Amino acid sequence: MIPFEYLRAGDPAEAVAAVAERPGAVFLGGGTNLVDHMKLGVAEPDMLVDVSRLPLDRVEETATGLRVGAAVRNSDLAAHPLVRERCPMLARALLSGASGQLRNAATTAGNLLQRTRCPYFQDVTTPCNKREPGSGCSAIGGYTRYHAILGASEQCVAVHPSDMAVAMVALDAVVIVLGPGGERALPLADLYRLPGDTPQRDTVLEHGELVTAVELPDLPFARRSAYRKVRDRTSYSFALVSVAAALDLDGGTVRDVRLALGGVAHKPWRAVLAEEELRGKPATEDAFRRAADAELAAARPLPGNEFKVPMARNTIVATLRDLTEEGR
Amino acid sequence: MTVQDRVVGTPSPRVDGRAKVTGIAAYAYDRPVDDPVYAHPLQATIARGRVAAIDDVAAAGVKGVLAVVTHRDAARLADTEDAELSVLQSDEVAFRGQFIGVVLAETPEIARHAAGLVRVEYDEEPHDTELRADRTDLYAPEQVNGGFATDTDEGDVDAAMAAAAVTVDEIYTTPMEHNNPMEPHSTVAIWNPGGGFPEAPRLTLFDSTQSVHSVRSTLARVFGLRPEQVRVVSPYVGGGFGSKGMAHAHNVLAVLAARAVAGRPVKLALTRHQMFSLAGHRTPTIQRVRLGADEAGRMTAVAHEAVEHTSKIKEFAEQTAVGTRMMYAAPNRRTSHRVAALDVPVPSWMRAPGEAPGFFGLEVAMDELAAACGLDPIELRARNDPRSDPESGRPWSGRHLVRCLREGAARFGWEDRPVVPGTRRRGRELVGMGVASSTYPYYRFPGSRAVVAYGGRGRYTVRIGAADIGTGAWTVLTQIAADALGCPLGAVSVEIGDSGLPSATVAGGSSGTTSWGSTIVAACRSFRRVYGDDPPPGAEAGDDMPENPDAERYSMHSFGAQFAEVRVDADTGEIRVPRMLGVFSVGRVINPRTARSQFIGGMTMGLSMALLERSVLDHRTGHVINHDFAEYLIATNADVMDVDAVWLDEEDVHAGPLGARGIGEIGIVGAAAAIANAVHNATGIRVRDLPITPDLLLR
C-alpha cells in the first residue's frame, strides 16, 4: 500500500473538484473493494476523497419512481419497503451479494463501480490488460471458471461481479453523474462498456465524475420479478450465472419482459434479444427456451467455462417459469 | 486399569472459552512486546531458477524501513538439510512464492509498502507443476507419510479381478487443497545475543503451532543452538489442521529477521495469499481403485493405486491408499503410491492425511460395487467386514464399523433411500441419500512428560507442553487430571503451550488426548504414590507416557459411518446437503461437548472438500491463482445445514488408561464419499472427481 492523502469531502462539488484536479485521486465509498486493491497493489491512488458521508444516503420516491442516493448502503437498500414491494428482484439481488458485513459497508455507487474479481486482475504478479494495458490477458488459457461467455475480447475476458447492477440494468435504471462540467444522466446500461481494446476502462465515466444517485423508473410489472443466482457456494461467492427477470403476463401471453444476466460478461448483460423474442409469445417453457437460445447464440465460451451456456439457458428458463402462475 | 470417571465423560465447558469469546486470549501475533519490528516477506515470482539481482534501494530508502534481508546478507544456518527450512541461504528458487527476502520496518504498512518497491531479476528456468498419471518420472518413495510401506501386494489381484463375477475399475481424483486455518501462521521472534540458558533464552518465539517442542527442536537444530536456548510459547492457536504441525519456513524467516535487528522483537504474520505457498497443502491425488466380488458381493480383490505430487526440494508422500489395507476382507489386495517431484511448494499434513483423499476413492468405488452387485451399500460393507486385520492378522481392539452403519441407518431413515438413482423429486429438486465408511488409526506418540505440583489449599497444577488448536485440549486435559487426582475440576489448573513445560508431542494424528492424557494419568498416579492424598504444599512429581503393550498385540483403529442427504436443483445443478449424520466408534469420549465439535467440524470440512475446495494451480506460472477466501471456497454457514454426530457408548480397553482412541480427524474421512454417493443416488450421475460442482450435474 503506497502512502496516500485522505480528504473527507464536505459536499459533492468539493469531492468532484478534488478528484478532478489530481490524476492519482479516487473516490472512497464503503471501501470494500478499493481498500482490498490498495493492499494488494492493484490500486495505487495517492489521494482518497471520502464520499461515504455525503448526504447522498436516502431513498426517495419521485414522480417517476425511486431515487437512490449513491451512498445508500446495500443492506439498507435491500431492506427498503418500496424496493421490496416494487422491485423484489433488486432486493434479492442485493441480498445475494457479498456477506452481511460487506453489505453493511458497501454503497450503491461503490457496488456499481466495483471491479472484476478476475484472480489475475487481483494478482499483481501476473500480466493483466485491465490492470496494466498491453501486458497480456492471463485468464485466456488459464483459470476461466468465472469468466465471460458474451462480449469478451482478446484483450480481456473478465466479468462484472455485481448482482445489484444486473437487477438495476433490467429495471432500466438511470445513473446521475456529477462532473467538473455539471450533472448528466445516463442509462445504467450505457455506463458500462465491453472490454474491446481498452479493458482498463470499466465504464464511460471520466476522471473526476461522481455518481450521486441511481433513478429507478417505476415499472409496475416488476412487482412480479425475481433474481436467481447460481453459484458454487451458497453464500459469499460470485455468480457463475445470474438472471434478473420481470414478467408482464396477459393471460398466458407475455405482454412484456425484462431480462438481464450476470456473471457472463464485462458488464451486466441486458438480454435484449431474448426480450424481443419473448414479447407476444405464450409464457411456456418452450418459448422461454427459445428466447434464451436467441440471446445465447452469440455466446463464445472459453475452454473451462463451456458449462455457462447451458447453465445460463436453464437458469433463464427456470427463473421465468417461476414467475408464471404455474411456477408459483 | 482405567481411571474412575467423575468429570471425564461429562460435557465440561471449555476452560478457555471465556478468554476467547471476550478477546482476552493472546494469540501469537497479539502478544504485547516492547518496540516491535514488523516483517513483510519477499516472494519469488518465478517457479524455478535463480535470483539474478535484487534492487532494494528504493525500499531501503523508505522512512521507517530498518533492513531488507536477502540471501546476500542473511545469517548462515547451522543445518540446511531440510530444504524447506533452508531459508535465504542461496539464490536458488525452487517454487513460486518461496521466500527470497524480508523487509523489516517500524509498522506493518511500511514493511508491506517497501516490499512492493523491491525489484528482483531472475534467471528463469523451465518449471513443471502438472501432476498426471501418465508421467514417466513417477517414482516409488522409500516410504509414505506415517512411516508406512509404499506398496503392499497380497495374493493375486489381477487373477482375482479376471475371475470376479462383478468388478469396478475406476479412476478417482482429488484436487490440491489448502488447510486454511482461520488464524494465519504467525510468529513473534526475539533474538537475544547475550542470552543463554538458564538466564534468558537466546531465542524466544511466540508462535502459532501444534507443537511447541518440535518447533523448538527444529529451530535449535537449524540455528545451531541447544534446545534449552530456545523457548517457544503458543498458548492459543486459531486452527491448524496439520499445517502448524511442524516448523515451516516462516519460522526460520522470522528468526533470521530477528537476528538482523537483534534485541527487538520481530512480528511476522503470513497473509492469506502467502499461506498458499508457504504453509503446506494436500497433494492432488489420482487414484485407481479396482474391486472384485462374487455374485453375493463377497469381495475377492481390492487394489488402490495412488499417484500424487511432492516438491522437488522435500519429499512428502501422502499415504493415500494405506487405509485400504485393513478395511475390507478381500483375500487379494494391492496398494501402491507413486509420486512426481514437481516445482511446487512443499506439501504437508492436512487433516487426516491419507485417509481423507483415499476414502473418497475407496468408498465411492464401494458404492459402485454395491450397485453392480445389486446390494444395499451397507449390506455390501457388512458382508466384507473382516474379523481380524487382513493386513497384520492381529485381532481388532474394537471394530464396530457395522454397528455404526446399522445404527446410522436407523437414525438417518436409510430405509427411505430411493432404490433407483435419479427417481425421486421434490419440486424441482432431485433428492438422494448416500453412505460411506470412515476410519482413522489409533496413534499414541512417545515423548511426552507431565509434572503435577501441589500448591496448597487443595490446588493442583499440571504442566505439559501440549497444544490446544481449538480442539478442547485445555478442557479435556483438565478433566483427565481432575479424575486422575481424584479432585474436583476446579481444583486443577493445566498449563500447556510453552516449551518451558515438560515435553509434549504434536497435536496431530488425532493423538493428542491419548498421548498427553495417558501421560497426565501416569504423572498423577506417580504423584499420589509419592505423596498420597494429603501432599505438602510444593510437592511435585512427574512421569513419562507409559508404554502400551496392547498396541503391538491388537490392530487399533477407529471407525465410523457417514450419511448424507443431498438435493440437486434439476435446472442449475446446485447441490445442497440438508442433512449429514456421522456415527463414530472411537473408544471412550472424554468430553461430549468438545468431541461433538470435533466430529461435526471434521464432517463440515468433508462437506467443504466434497463440494467446494480446490486449489487451482496455474501451470503456466506455477502458483495457486485462487489464493484467497473469496476464490478458494470453504463452506460457509449457509452451506452447512443439519450436521449431526453421535458415537457408540464404549471404551477401548486396549487403548491405554483412558480407553480412548482419538477423534480429531475421523470426522472428515468418508464424508466427501457419502456426499458423492448421495449425489449419484439423487441424479444417477457418478462424479469421481472432487469437488462436485453444479456444472457437473447440468443436463
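In the predicted model described here, B:K244 touches B:P181, B:E183, B:P184, B:H185, B:S208, B:T209, B:Q210, B:S211, B:V237, B:G238 and B:G239, leaving out residues up to four places away in sequence; contact means heavy atoms within 4.5 Å. B:K244 lies in the loop between β11 (230-233) and α6 (249-260) of chain B. Helices (H or I, at least four residues) and strands (E, at least two) are DSSP runs, numbered from the N terminus. At 1% relative accessibility, B:K244 counts as buried; buried means under 20% relative accessible area, exposed over 50%, and partly exposed in between (1.4 Å probe, protein chains only). A polar atom of the B:K244 side chain lies 2.8 Å from the backbone oxygen of B:G239.

Residues are numbered from 1 along each chain as its sequence is written, and chains are lettered from A and ligands numbered from 1 in the order in which they are written. Because this is a predicted model, local features need pLDDT of at least 70 and side-chain atom pairs count only at pLDDT 80 or more, while totals for chains, interfaces and linings use all residues; side-chain values use heavy atoms, with hydrogens and water left out.

In soluble globular proteins, nonpolar side chains tend to be buried together. A nonpolar core is a set of buried Ala, Val, Leu, Ile, Met, Phe, Trp, Tyr and Cys residues joined through side-chain atoms within 4.5 Å. The largest such core has 136 residues, and B:L291 and B:I675 have the most contacts inside it. Helix α8 (residues 355-373) of chain B gives the most to this core, with 10 residues. A second, separate core of 57 residues includes A:A70, A:A91, A:V175 and A:L188. Beyond four places in sequence, B:I675 touches B:A564, B:V566, B:V577, B:M580, B:L607, B:A610 and B:L611.

B:S608 is found in helix α14 (residues 592-611) of chain B and is buried, with a relative accessible area of 2%. Its side chain reaches the backbone nitrogen of B:A635 at 2.9 Å. With neighbours within four places in sequence left aside, B:S608 is in contact with B:E613, B:L633, B:I634 and B:A635.

In chain A, helix α11 (residues 285-296) and helix α12 (residues 308-323) pack at an angle of about 140 degrees, with their axes 9 Å apart. Axes are lines fitted to C-alpha atoms, for helices over the stretch in contact, and angles run from 0 to 180 degrees between N-to-C directions. The two helices, α11(A) and α12(A), are therefore oblique to each other, since angles under 35 degrees count as roughly parallel, over 145 as roughly antiparallel, 65 to 115 as roughly perpendicular and the rest as oblique. Residues of α11(A) in this packing include A:F288 and A:A292, and those of α12(A) include A:A312 and A:I316. A:P301 is placed in the loop between α11 and α12 of chain A and is partly exposed, with a relative accessible area of 34%.

Most residues other than glycine have a negative phi, and most peptide bonds are trans. The peptide bond from B:L690 to B:P691 is cis, with omega near -5 degrees. Phi of A:D172 is near 60 degrees, a positive value in a residue other than glycine. B:S510, also not a glycine, has a positive phi of about 50 degrees.

Notes: Polar contact = N/O pair within 3.5 Å; in protein donor to acceptor, adjacent residues only side chain to side chain.
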